[in-house]
Every structure is written in structure tokens, then in C-alpha cells.
Amino acid sequence: MNQQENTNAVVFNAPQETNHPSGCGNAEVRKHYFHHQLLLNPNATAQLSDDAWLISFKRRAERFADMLTFLEQSWVEGMPVLQKACFSYLTEDYIPRKERQQVIEAWSNWADFQFKLSRYRGLASLFLRYQRRMIREIECLLPPPSAESQTIHQEGGR
């Protein structure tokens, strides 16, 4: 690529203009999320005017946000404490060599996984912000829940 072609600076913290529709009650926003629902579930027979697909899509987005929240947390910070406990265990004389090797291998695999997972925290944070924005927009498209459904939801269902 010619270096003169790419002279625009990218600033991630500044608000950016996007083609993503926004605003509550907007038909374009509804159509946008309907398209995403069909991408996730191509066999869906939902109608754009129906709210059931939107409720289902919102639930799926909330579950994805929960997963991203889980992935966003740091798993590496607790490793020194676990490592110390594990190595203290391994120094005991009564631990058979085979068991010691299994623990070392399991620890090594787990530590590798944790370090690999921690590389994606920034990406998880970015997508988590996107998911939360999407959930807020979807909530604007849905009619306000009735008092009875709020009570059922707060109690954890029937």
C-alpha cells in the first residue's frame, strides 16, 4: 500500500459517525435488527411487524453480552496465588512422580489458555459496549412491559 494513501489518523475514543441506524422507534433501526435476526436464524418465519422476533433477538443479545462480560474480566491476576499453592503441593515428598507430571502439564495448559484468553480482553470490551448499545436500541423498539410481566421477570419466572 502506498503510504500517502493512508494519512487519516484513527481515534478510538472519539465519537464516530456510522451508518448504523440509531434512535428509538425508528423503522430503519427495526429493519436493521430484523436483518441481523435473519442472519442469525435464516429459517425464521418472523414478520417485521411482529415483536416476538425482536424479544428473542434481545434475549440472544443479552446472553452474548453476559458471555462477553465473563470474557472481559482478567483471569491472569489470580494466577500467582494459584501457582504458589500448586507448587507448594508439588514439593511434597509423598506426591508420586506421575501425578506430579500430570499436575505440571495441567497447570501449564491452563496457564497457556489464560494468557491466550487475556489477549482478547480489549476486543471483548469493544464488542460488549456494542452489544449494550444494541440492547438499549432494541428496548426502545419494544413496547413497555406490563406490570404483571415485570413482576414475573423479577421473581425469575413462574
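**Figure 1. Methionine 134, a buried residue of helix H5.** At 6% relative accessibility, methionine 134 counts as buried in this predicted model, because buried means under 20% relative accessible area. Its place is in helix H5, which covers residues 121–141. Lysine 58 is 76 residues away from methionine 134 along the chain. Yet the C-alpha atoms of methionine 134 and lysine 58 are separated by 8.5 Å.

**Figure 2. Glutamine 131, also in helix H5.** Glutamine 131 belongs to helix H5. Is glutamine 131 buried or exposed? Its relative accessibility is 6%, so glutamine 131 counts as buried. Which residues does glutamine 131 touch, not counting those up to four places away in sequence? They are Ala61, Phe64, Ala65 and Leu68. Glutamine 131 and lysine 58 are 73 residues apart in sequence. In space they are 9.7 Å apart, C-alpha to C-alpha.

**Figure 3. The whole chain, a set of helices.** How many helices and strands does the chain have? It has six helices and zero strands. Read along the sequence, the pattern is α-α-α-α-α-α. The chain has 158 residues, and 20% of them count as buried.

**Figure 4. Helix H1 and its buried side.** Helix H1 covers residues 27–40, 14 residues in total. From first C-alpha to last, H1 reaches 20 Å, close to the 20 Å expected at 1.5 Å a residue. Five names make up the buried set of H1: Val29, Arg30, Tyr33, Phe34 and Gln37. Around the axis they cover an arc of only 135 degrees, which puts them on the same side of H1. The buried residues of H1 pack against helix H2 (52–72) and H5.

Figure 5. Glutamine 37 lies in helix H1. With a relative accessible area of 4%, glutamine 37 is buried. What does glutamine 37 touch, once residues up to four places away in sequence are left out? The contacts are Trp53, Ser56, Phe57 and Arg60.

Figure 6. H2 has 21 residues. Its first and last C-alpha atoms are 30 Å apart, close to the 30 Å expected at 1.5 Å a residue. The buried residues of H2 are Trp53, Leu54, Phe57, Lys58, Ala61, Ala65 and Leu68. Their arc around the axis is only 130 degrees, which puts them on the same side of H2. Look at the other side of H2 and you find Arg59, Arg63 and Asp66, which are exposed. Where do the buried residues of H2 pack? They pack against H1 and H5.

**Figure 7. Helix H4 and its buried face.** The 22 residues of H4 should span 32 Å at 1.5 Å a residue. The end C-alpha atoms of H4 are 31 Å apart, which agrees. In H4, Trp107, Ala111, Gln114 and Leu117 are buried. Seen down the axis, the buried residues of H4 fall within an arc of 125 degrees, so they line one face of the helix. Arg97, Lys98, Glu105 and Lys116 are exposed on the other side of H4. The buried residues of H4 pack against H2, H3 and H5.

**Figure 8. Glutamine 114, a buried residue of helix H4.** Glutamine 114 sits in helix H4. Its relative accessible area is 4%, so glutamine 114 is buried. Set aside its neighbours within four places in sequence, and glutamine 114 is in contact with Trp75, Val76 and Met79.

**Figure 9. Helices H3 and H4 packed together.** H3 (residues 79–90) and H4 (residues 97–118) pack at an angle of about 170 degrees. Their axes are 11 Å apart. The angle makes H3 roughly antiparallel to H4, because angles over 145 degrees count as roughly antiparallel. On the H3 side, the residues that meet H4 include Met79, Leu82, Cys86 and Phe87. On the H4 side, Val103, Ile104, Trp107 and Phe115 are among those that meet H3. By class, this contact has 12 nonpolar, two polar and two charged residues.

Conventions: Residues are numbered from 1 along each chain as its sequence is written. This is a predicted model: local features need pLDDT of at least 70, side-chain atom pairs count only at pLDDT 80 or more; totals for chains, interfaces and linings use all residues. Side-chain values use heavy atoms; hydrogens and water are left out. Axes are lines fitted to C-alpha atoms, for helices over the stretch in contact, and angles run from 0 to 180 degrees between N-to-C directions. Helices (H or I, at least four residues) and strands (E, at least two) are DSSP runs, numbered from the N terminus. Angles under 35 degrees count as roughly parallel, over 145 as roughly antiparallel, 65 to 115 as roughly perpendicular and the rest as oblique. Contact means heavy atoms within 4.5 Å. Ala, Val, Leu, Ile, Met, Phe, Trp, Tyr, Cys and Pro count as nonpolar, Asp, Glu, Lys and Arg as charged, and the others, Gly among them, as polar. Buried means under 20% relative accessible area, exposed over 50%, partly exposed in between (1.4 Å probe, protein chains only). The expected span of a helix is 1.5 Å times one less than its number of residues. The arc is that of the directions from the helix axis to the C-beta atoms.
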